Amino acid sequence: MVAIYLDTADMLMLHKYGLDARVKGVTTNPALMKKSGIKSYRNFAIMALGHARGKPISLEVLADDLDEIEAQAREISTWGDNVWVKFPITNTRGESIVPVVRKLSNLRLNITAVMTQQQIDDLKHVASWHHIVSIFAGRIADTGRDPTYTVKHARQLGCKILWASTREIINIAQAEECGCDIITLTPDLIAKLDMHG
């Protein structure tokens, strides 16, 4: 069965769902932190780690330069034994993050914002069993394309595959069908889980 990860930077939701047995981990990102009014990333991370209660938590770098991404990733990885360092497959200049993944191959990484089969192919020789590749399935679907083909293509990487930007509860069944290990759900979607089926 696909593991459900809570996707939020809202401390009340982290506290509430950190105790929920259905929630197996947590992801967050700078956009969610900004929306929640987070001023200190380090303080937020410490509190989020407490609410995660030992469950895996993905904390994203804030840098955009490849060298800075590497440095921040190394720092963030020291914040807790359950931390997965998260960064997008490309930076804002369109530079591939693959060289950084190669340098950080020993860390628990969450490579996010993956939307194409080419990006998956680029990760083929650097992704490892202790990495997560987050496919933005919802955003792929927004373009009118079926995201399941991209998700299935990612299975070749031999790492954990995460169905991201989830839009509906039906996506849980789709993620399971594709062989995803993880799906992210917002607090609103977790609240709808009782209606599943």
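1. Asp64 is partly exposed, at 24% relative accessibility. Here buried means under 20% relative accessible area, exposed over 50%, and partly exposed in between (1.4 Å probe, protein chains only). The side chain of Asp64 meets that of Arg93 in a salt bridge, 3.4 Å from N to O. A salt bridge is counted when a side-chain nitrogen of Lys or Arg lies within 4 Å of a carboxyl oxygen of Asp or Glu. This pair links distant parts of the chain: Arg93 sits in the loop between E4 and H5, Asp64 in the loop between E3 and H4, 29 residues apart.

2. On sources: this is a predicted model, where local features need pLDDT of at least 70 and side-chain atom pairs count only at pLDDT 80 or more, while totals for chains, interfaces and linings use all residues. Residues are numbered from 1 along each chain as its sequence is written, and side-chain values use heavy atoms, with hydrogens and water left out.

3. How many salt bridges are there by this rule? The count comes to 9. One of them joins Lys86 and Glu60, with the closest N and O atoms 4.0 Å apart. Lys86 is in strand E4 and Glu60 in strand E3, 26 residues apart, so the pair links distant parts of the chain. Helices (H or I, at least four residues) and strands (E, at least two) are DSSP runs, numbered from the N terminus. Lys86 is buried, with a relative accessible area of 6%. Glu60 is buried too, at 10%.

4. Asp20 and Arg22 form another salt bridge, with closest N and O atoms 2.8 Å apart. Asp20 is buried at 15% relative accessible area, whereas Arg22 is partly exposed at 34%. Shared partners join Asp20, Arg22 and Asp194 into one salt-bridge network.

5. At its start, a side-chain oxygen of Asp65 comes to within 3.1 Å of the backbone nitrogen of Asp67.

6. Which residues of H4 are buried? They are Leu66, Ile69, Glu70, Ala73, Ile76 and Ser77. They lie on the same side of H4, because they cover an arc of only 135° around the axis. That arc is taken over the directions from the helix axis to the C-beta atoms. An α-helix has 3.6 residues a turn, so residues three or four places apart point the same way.

7. The buried residues of H4 pack against helix H3 (41-52), strand E3 (57-60), strand E4 (83-88) and helix H5 (98-103). Contact means heavy atoms within 4.5 Å.

Note on methods:
Polar contact = N/O pair within 3.5 Å; in protein donor to acceptor, adjacent residues only side chain to side chain.
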